[in-house]
Amino acid sequence: MQNFVNKSDDKKTPYETARNCRHYAMCKIDFLGSGVCESGLEKQFVSFYPQGRMILYEALAGNKISVTQKCIEIAGSCNLCGKCDYQCYFLNEMRPTKVMEALKNHVETYIKNGGKIKLSKDDDLLAEIKKIVGDNWATNDEAITVTYSHDLSAISDPKVPDYVVMPNTKEEISSLVKLFNKNKITYTIRGNGQNLLGFAINDGVIIDLNRMKTIEFDEKNWLVKVGPGVTAFDLQKQAQKRGYRINASEPAALLCANIMCSGIMSTFSTTYGINADNFINAEFVNHSGSLFNLNEISSPNLYSYKNLQHKDSPGICVSASIRLHPVTDDEKGILVPFETLNNALDFIKDCSVRHIGLALGIVGAEYISTFLSPTKKMASEIKNIFVDKLNIPWLVVVIGDKYAIRSISEMGFPFFDQNMFKSLYLGLPSLKTAQWLDLVKELSDDEPYSYLKVKSFAELFETALSPSPRLYSQEVDKELSPFFEKLFSRQEMTDLVWLNMYRIMSTRLGRKKPFLPALIYLPIDNDLINDFSDKFRLIAEKHGIDNDFGFITPIDNGKRCIFEYDFFYDYNDPDEIQRIRQVAMESNMLIDDYSVKTGTVKGHPYVLYQGFCRKENLLYS
Amino acid sequence: MAGKNKPVIALTGATGFLGSHLMATMLKKGYSIIVLGRTAKNESLKERISRLLQWFGIDRCLDQVTCIDADLSQYNLGIENKEYSRLCSVADYVIHCASDTSFSESKREKVMAANVNNLQGILEFSKNANVSFFHYISTAYVAGTGVTYCKEILSSAKSFTNVYEESKAAAENIISLFCQKNSISLSIIRPSIVYGDSQSGRSLKFNALYFPIRSAQSIRDIYLNDLRNNGGIKATKNGIYIDKDGYLFLPLKIYLPHEGDLNIIPVDYFVNATIKIIENCSQGGIYHLTNNFPTTMKIVAKYYEQLMKVRGVEIIYGPQPDNLLRNPAEELFDRFIEPYRPYLSDNRVFDRTNTSLATDNLNPPEFTYDIFKTCMEYAIEVNWGASIFG
Ligand SMILES: Cc1cc2nc3c(=O)[nH]c(=O)nc-3n(C[C@H](O)[C@H](O)[C@H](O)COP(=O)(O)OP(=O)(O)OC[C@H]3O[C@@H](n4cnc5c(N)ncnc54)[C@H](O)[C@@H]3O)c2cc1C
Ligand code: SF4
């Protein structure tokens, strides 16, 4: 059993690091402003990004494939610039550059030792495909195909496809579909392969949509039309430049994929909504290769919802017109602490019923400490401080304008404002040794967190923590700390609004171990939510699987919420995979049970490929 | 189990501050004690008690202790019938020391439940055990507010500083009625504010007297760190600096409503006086374990400055002016000491007639700088209790 998931990265061999790539595709977006792997941007196949090279190295070192032509190209096109170290360390505390070096060495040594290069030949089908998309954009070279063999699901085993193709237009997609139909070849669409349900791998052909990155703003109509290769991060950046915001979930997720798969949901879904709330129109290539436009009367009714686990995909989404939202210049983020989940639930319910706040989300101490801490070790130390010293097992993140923040103040809830959040964040290392925290806890005896209402507490808090990018960066690997210091000097890195709209930290949740979430739509019913929480925990404990509360976001004026509970597992440990599968099955059965019993609970797997539906049809039918 | 001549004591609150110190000395004197207590989260009652005895350096006395898992809120204290009857047959005295010492109004229900509602079980036990004495550890502050001379009689006060005082006053009355009705002798022992051992400085708890000192020390350390490691930008802004002689100048004006005293006694005095009362009083009665030579916050502030190498603390008697500008240290300190403020300038004088008689005129020591230093140094050594057990 190769149980090295928790070994610190500097002690891992390149092979072990490669096997621990989380496949979140974050190295495909420039979320730190440090640049993206240049060869990836040029060649586009995931194989030329750090993520692909990790998978490739794992396959080579594990003797799953031999050295091919593309292999040489992929290894050779890495210039060991080290950008992926910044990105991957930021999220997962891993340093992929050593894997890149090992990959180059492996290939060089192989050639030096006279190893035979495996040549991939174009068969008839590939030749036909290339006629449609051009020579550079289709391949059956194993070095490429193997990098499309993974997804994030614990449920499916890796599968190497026969071909990978990267079309550039909807017409090319249409021709491809017709070709595959004619040849009875299965095909699977792939965005960035980071959906958690795991339906982006298959044998047959993988159609990678990452070349289709058109973005056309139609500001008069508050929409932006995007191609299926546009990531949430890139679109949010463009929208922000023009003074708008989109409802974006994972930054590396492709928007069309996200809508297609299960609908976009984020903390902003409190006001921006979910599913059909997020777009105005979309174009598709259907299963026979014909184009249709969602707003045409003759088109299939994708706004409807059917409570089915494996509904067929309606086709390939080739563009979506995403809604733009206005932004005011007084938006701020705050963190409202709570002693109990019930109090936090009452609060978010109250806020959403009263339309207070743009984005709302309850997170537990595990979530918040993982997001804020630069390392796993620190995350666990900080979690204990939050719970034991600050007595903050729960926090509600609120993004709102000045009126919303004022209302929360008037409601009598003490909170960490943006400035205090910054102090807390950049002063985290001081928190570990802060003796005055014990006193702060005693101050809460009469009224929880009343110290936050002491006028100058913020100033003393800042003085005590001495927050600074330098202090924060001392926690990371020495060679990386100058970069981190510069990074954290940037205002947006500690801005709750920015962090929530770009969500660059959420993949840190998988830093300790990859995770599988149970996601449910349900009423904000405290008993029901506590019941679910307890039962998920019991299921996980029964199978020896780490687990924790994820988050809760209210939607549709507090009539419902989205609840995520997370299970953590090592996907290199076959035994743990078996156990997580068991957990997934039992959790789904539990959700099904409640679904029948209450008539108000819906499980996430039932939304698969129904992301275009009206939320009302999903939530209330 | 019972020592030859000593009565067997059933003790509640043995894991608390006063109870544990009392238990330790009584064990040293050869008493056998039935500890009625509870298992904590990760530790059985026996483990808790033996950890305490170790701390007191008297592990050898463990076999004088019978640990009984008891829940004061339950019928028969939650003890199984046979065991309950057995305990009833051996206990000679009850010392009821368990109490919720929270001052917080938001904890009213909990405090009332622990200090008043839960009395029934232990009182019934005393009756069933046919004990000859019930000793109740109360507080001098059952006297309530608005009184200046507090007699050693049951309190008829209507207003109190906090729910703790109120609950203790109510408890005294209930216990007194019960004991009268059931012919059980009763002593009510009322300490004022108790700090650590005046000789060794050792203590198991660091609230009351310790809390303002600890708060001021924390604030001092925050600014010292700012001055030493961060260029002192924040400190300078608030007029805080390090003097040539190394003293930190940190302006801290503490407003107390009027002139008055701080009535504190060391835990060794509490223990010795209590044991004398238990051993000497044949009739029972009410006893004030208070200090005839109370100290003042001005004196404590001076001691603090000397020990912590700080200047700038000012105790001002009288109402705080409206719109007074407070620096962050003052504002936070104000919040820290809020629950204790009424005890920091107290005008009440306590009658000690019964106490003097029962304790052969045993008096608590005056609160000197040496005692202050010994106690605070110990508190700092054990990080205000956080590392008390290593
Ligand atoms: C750490 C983490 C946190 C997450 N949190 C959230 C969250 O808060 N909210 C949320 O909404 N999601 C969340 N997700 C899920 C994920 O972001 C979405 O599932 C998203 O769809 C993934 O995008 P992708 O481009 O990787 O899609 P893929 O995984 O590549 O594709 C998703 C599915 O859609 C199909 N598909 C892709 N593109 C198209 C297309 N154009 N036409 C037809 N079918 C297509 C694929 O075959 C696949 O079945 C999270 C994922 C991770 C890893
Ligand atoms: S080190 Fe190689 S794989 Fe990593 S970002 Fe640079 S070029 Fe890309």
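How many bridges join strand S8 (residues 279–285) of chain A to S9(A)? Select both strands: 3 bridges join them, and they run antiparallel. Strands here are DSSP E runs of at least two residues, helices are H or I runs of at least four, and both are numbered from the N terminus. Two strands pair if DSSP finds at least two bridges between them.

Some housekeeping: this is a predicted model, where local features need pLDDT of at least 70 and side-chain atom pairs count only at pLDDT 80 or more, while totals for chains, interfaces and linings use all residues. Residues are numbered from 1 along each chain as its sequence is written, chains are lettered from A and ligands numbered from 1 in the order in which they are written, and side-chain values use heavy atoms, leaving out hydrogens and water.

Stay on that strand pair and click Glu283(A): its bridge partner in S9(A) is Asn293(A).

Now show the whole open sheet, 5 strands in the order S5-S6-S10-S8-S9 (chain A), with antiparallel pairing. Strand S5 (215–218) and strand S9 (291–293) of chain A each have a single partner strand, so one side of each is left without a neighbour in the sheet.

Next, helix H9 (residues 170–182) of chain A: H9 packs on the sheet, touching S8, S9 and strand S10 (316–323) of chain A, where contact means heavy atoms within 4.5 Å. The direction of H9 makes about 45 degrees with that of S8(A); axes are lines fitted to C-alpha atoms, for helices over the stretch in contact, and angles run from 0 to 180 degrees between N-to-C directions.

Then pick helix H10 (residues 232–241) of chain A, which lies across S5, strand S6 (223–226) and S10 of chain A, at about 35 degrees to S5(A).
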